[in-house]
Amino acid sequence: MSPLMWIILIIIVLLIAIYIAIYNGLQKSKVYTDEAWSQIDVQLKRRNDLIPNLVETVKGYAKHESETFEKVVQLRNQLTQIPADNREEIQKVSNQLTDSLKTIFALSENYPDLKANQNFLSLQEELTNTENKIAYSRQLYNSTAAQYDQKLLTFPSNIIAKIHHFTKVDYLQTDAAEKEVPKVKF
């Protein structure tokens with residue numbers, strides 16, 4: 001074999017290796033993005049599992065707050081019925097549920113016995129930790145989605161991404177209503 005043939009063969013092998021490395025990098029980024037979404041899903045499930053215990057604990061102390069409890073239970077049930085691939089709707093309902101839980105926690109201020117109840121305090125702490133984990137998981141998802149989308153847009157991985165029909169993923173967004181500055185009355 002002539003030296004020119006060896007050079008051509010080495011270039012072909014090198015190009016194939018680069019192609020495989022870029023393709024595998026795209027696949028890894030996609031898997032990381034899916035895994036980050038899965039972490040959000042796990043934390044939402046954890047929160048959903050804690051809600052019935054919280055509602056039952058608070059119900060005995062605040063019987064006339066049944067509308068608040070019903071809303072929390074309704075949102076929890078609605079969240080469990082949304083298809084897993086409908087990420088936008090999951091986030092919307094999850095944010096509503098978070099707001100409703102804040103209302104329940106605020107109720108404890110009106111009920112000193114509830115505020116002193118160890119079960120309530122434990123559940124409140126668990127839910128607060130879970131909400132923090134949800135927030136972190138959302139941040140992680142957006143970071144991995146950004147890395148993945150960056151690979152889809154940069155050369156030469158964008159060429160391989162188009163060949164294999166990789167598609168961009170959407171970031172999790174904050175609702176416009178949540179971005180509004182709260183009105184404070186003195």
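A crossing of two helices is left-handed if the near helix is turned anticlockwise from the far one by less than a right angle, and right-handed if clockwise. The views below are taken from a predicted model.

**View 1. Helix α2 against helix α3.** α2 passes α3 in a left-handed crossing. The two helices pack at an angle of about 155°, and their axes are 9 Å apart. Because angles over 145 degrees count as roughly antiparallel, α2 is roughly antiparallel to α3. On the α2 side the residues that meet α3 are T68, F69, K71, V72, L75, R76, Q78 and L79. On the α3 side they are E89, I90, V93, S94, Q96, L97, S100, L101, T103, I104 and L107.

**View 2. Helix α3 from end to end.** Helix α3 covers residues 87–107, 21 residues in total. Which residues of α3 are buried? They are I90, Q91, V93, S94, N95, L97, T98, S100, L101, I104, F105 and L107. As background to reading such a list, an α-helix has 3.6 residues a turn, so residues three or four places apart point the same way.

**View 3. Helix α1 against helix α2.** Helix α1 (residues 3–59) and helix α2 (residues 66–81) pack at an angle of about 165°, with 10 Å between their axes. This angle makes α1 roughly antiparallel to α2. The crossing of α1 with α2 is left-handed. From α1 the contact involves R47, N48, I51, P52, V55, V58 and K59. Their partners in α2 are F69, V72, V73, R76, L79 and T80.

View 4. R47 is part of helix α1. Is R47 buried or exposed? Its relative accessibility is 0%, so R47 counts as buried. The R47 side chain makes a polar contact with the side chain of E131, at 2.7 Å. Neighbours within four places in sequence left aside, R47 is in contact with L79, S94, L97, T98, L101, L127, T130, E131 and I134. Among these, L79 is one of the α2 residues that meet α1, while S94, L97, T98 and L101 are among the buried residues of α3. E131 and L127 also belong to the α5 side of the contact between α3 and α5, which is the subject of the next view.

**View 5. Helix α3 against helix α5.** Helix α5 (residues 118–153) packs on α3 at an angle of about 150°, and the axes are 12 Å apart. This makes α3 roughly antiparallel to α5. The crossing of these two helices is left-handed. R87, Q91, S94, N95, T98, L101 and F105 of α3 make the contact, together with F120, Q124, L127, T128, E131, R138 and Y141 of α5.

View 6. L123 lies in helix α5 and is buried, with a relative accessible area of 7%. Apart from neighbours within four places in sequence, L123 is in contact with L50, N53, L54 and T57. The C-alpha atoms of L123 and D41 are separated by 20 Å, and the two residues are 82 residues apart along the chain. K133 is also in helix α5. At 38% relative accessibility, K133 counts as partly exposed. Residues up to four places away in sequence not counted, K133 touches Q43 and R46. K133 and I90 are 43 residues apart along the chain, with 16 Å between their C-alpha atoms.

**View 7. The loop between α5 and α6.** P156 is found in the loop between α5 and α6 (157–163). What kind of peptide bond joins F155 and P156? The bond is cis, with omega about 0°. T154 is found in the loop between α5 and α6 as well. T154 has a relative accessible area of 35% and is therefore partly exposed. C-alpha to C-alpha, T154 and I8 are 27 Å apart in space, and they are 146 residues apart in sequence.

**View 8. H165 in the loop between α6 and α7.** H165 is found in the loop between α6 and α7 (176–179). Phi of H165 is near 60°, which is a positive value in a residue other than glycine. With 66% relative accessibility, H165 counts as exposed.

Terms used:
Residues are numbered from 1 along each chain as its sequence is written. This is a predicted model: local features need pLDDT of at least 70, side-chain atom pairs count only at pLDDT 80 or more; totals for chains, interfaces and linings use all residues. Side-chain values use heavy atoms; hydrogens and water are left out. Helices (H or I, at least four residues) and strands (E, at least two) are DSSP runs, numbered from the N terminus. The expected span of a helix is 1.5 Å times one less than its number of residues. Buried means under 20% relative accessible area, exposed over 50%, partly exposed in between (1.4 Å probe, protein chains only). A polar contact is a pair of N or O atoms within 3.5 Å; within protein, one must be able to donate a hydrogen and the other to accept it, and residues adjacent in sequence count only if both atoms are side-chain atoms. Contact means heavy atoms within 4.5 Å. Axes are lines fitted to C-alpha atoms, for helices over the stretch in contact, and angles run from 0 to 180 degrees between N-to-C directions. Angles under 35 degrees count as roughly parallel, over 145 as roughly antiparallel, 65 to 115 as roughly perpendicular and the rest as oblique.
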